[in-house]
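Here is a friendly note to read with the structure open beside you. Take the points one at a time and find each residue as you go.

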Amino acid sequence: NVTKVGFIGLGAMGSRQARNLQREGYELVVYDRSISRLEEYEKRDNVEVASSPAAVAQTEGVRVLITMLPACAQVREAYCGKDGILSADGGTKASLLIDCSTISPTTSREIAAAVSEARLHSGAQPFPGCSNRAPAFIDAPVSGGTTGASAATLSFMCGGEKDAVEAATPFLKAMGKKIWHCGGPSTGHAAKVCNNMALAIQMASIAEASAAGRRLGLDPKVLADVFNSSSARCWSSEAYNPVPGVMADVPASKGHKAGFALQHMLKDLHLAREAAGTAGSPAPMTEQALEIYEKVAEVDGTLDFTAIYSLFYDKDH
Ligand code: NAD
């Protein structure tokens, strides 16, 4: 008896994740706001297409429902909108709901609360292992980008009840490798925004120090070697160096072609600023990083986020 999985949001990430679920033998029912994306899916064998998030949630046999949408507004609409997952008459048939989109912890808590409320009038049978809560809900944002989504090597940062995260694990494993249970509802998002907050600042620090080193007469490769075996060692220097020519096969050495686009980093930094503000946590470095990334994104937001190096060292000057 194959579990049927509902999937909403077939963009750069979602389409790849959905493909991997299918490869693992799950039957899919999908929805995307874009008609052309849906038509593409309809042409493929064994993929059922639905007309709204509510229709996915009401499809006979759907037990698990995954969302992979751009931002807070779209996730709110997909769950709580007029034709949303929770609007279905008699409640959703899916008993395990997983949101993989990157959104703010605050919005994610709102969605978790709306799901709790919907439980009161849901006819869904509890998902095996999830005591008597139906539907169960977890937040499970990802890192690993489109490469990780294609290769099913994504990392999932999960927030929610332990039994729900355990029940979701086989489905997440079909799309990724590493799964963290970070804590209660919204903590997956908290982990994701804090990680990218630190990454943005760390990358800016390597770009700034590398530019200074160059003006002080250092070969950037020598300086990177020093960093990588000294106390400045970090992912931004060692695995994704922003200085063109220091490493082969990274965006910096390929005209800063993304990679991880500036516009995506900016979205995550805005979420980080909002999350820190809501928690009353000071974030002066995040403010500074936002200014830096915004300035470079004004030129071309599709470039890789390491393009900020040009702000510190422009070869023409
Ligand atoms: P995308 O824009 O390529 O895809 C989003 C899809 O959602 C599109 O197909 C769009 O038509 C659909 N959509 C939009 N609003 C909708 C609605 N209300 N109902 C149904 N469908 C709707 O985005 P993506 O790159 O796949 O990213 C998805 C999420 O994953 C984002 O939150 C992003 O921040 C996060 N993320 C992306 C990457 C990456 O490298 N692209 C990496 C990690 C996390």
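The numbered points below go from the ground rules to the ligand, the helices, and then some single residues.

1. **Ground rules.** Please keep in mind that this is a predicted model, in which local features need pLDDT of at least 70, side-chain atom pairs count only at pLDDT 80 or more, and totals for chains, interfaces and linings use all residues. Residues are numbered from 1 along each chain as its sequence is written. Helices (H or I, at least four residues) and strands (E, at least two) are DSSP runs, numbered from the N terminus.

2. **Around the ligand.** Which residues come nearest to the ligand? Of the 26 residues around the ligand, they are Gly11, Ala12, Met13, Arg33 and Thr102. A residue is near a molecule or strand if its C-beta atom, placed from the backbone, lies within 6 Å of it. The elements that give two or more residues to this shell are H4, strand S7 (142-143), helix H6 (145-151) and helix H11 (262-279). H4 gives the most, with three residues.

3. **Classes in the shell.** By class, the shell around the ligand has ten nonpolar, eleven polar and five charged residues. Here Ala, Val, Leu, Ile, Met, Phe, Trp, Tyr, Cys and Pro count as nonpolar, Asp, Glu, Lys and Arg as charged, and the others, Gly among them, as polar.

4. **H4 beside H5.** Now look at helix H4 (residues 72-80) and helix H5 (residues 105-119), whose axes come within 10 Å and cross at roughly 5°. Axes are lines fitted to C-alpha atoms, for helices over the stretch in contact, and angles run from 0 to 180 degrees between N-to-C directions. H4 and H5 are therefore roughly parallel to each other. The cut-offs are these: angles under 35 degrees count as roughly parallel, over 145 as roughly antiparallel, 65 to 115 as roughly perpendicular and the rest as oblique.

5. **Who meets whom.** On the H4 side, Cys72, Val75, Arg76, Tyr79 and Cys80 meet Thr107, Ile111 and Ala114 in H5. The contact of H4 with H5 has six nonpolar, one polar and one charged residues. Two residues are in contact if their C-beta atoms, placed from the backbone, lie within 7 Å.

6. **Helix H11.** H11 has 18 residues, and its first and last C-alpha atoms are 25 Å apart, close to the 26 Å expected at 1.5 Å a residue. The expected span is 1.5 Å times one less than the number of residues in the helix. Which residues of H11 are buried? They are Leu262, Met265, Asp268, Leu269, Leu271, Ala272 and Ala275, and they pack against H5, helix H8 (187-215) and helix H12 (284-299). A residue is buried if 20 or more other C-beta atoms lie within 10 Å of its own, exposed if 12 or fewer, and partly exposed in between, with C-beta atoms placed from the backbone. H11 is followed by Gly280, whose phi is positive, near 70°.

7. The peptide bond from Ala258 to Gly259 is cis, with omega near 15°. Asp249 is in the loop between H10 and H11 as well, and its phi is near 60°, a positive value in a residue other than glycine. Is Asp249 buried or exposed? Asp249 is exposed, because 6 other C-beta atoms lie within 10 Å.

8. **Ser186 and H8.** Ser186, in the loop between strand S9 (176-183) and H8, has a phi near 80°, a positive value in a residue other than glycine. Ser186 counts as buried, because it has 23 C-beta neighbours inside 10 Å. H8 itself has 29 residues and reaches 42 Å from its first C-alpha to its last, close to the 42 Å expected at 1.5 Å a residue. Just after H8, Gly217 takes a positive phi of about 95°.

9. **Strand S8.** Phe156 lies in strand S8 (residues 154-159) and counts as buried, with 29 C-beta neighbours inside 10 Å. Phe156 and Ala140 are 16 residues apart in sequence, yet their C-alpha atoms are 5.5 Å apart in space. Gly159 is also found in S8; leaving aside its neighbours within four places in sequence, its contacts include Ile138, Asp139 and Ser186.
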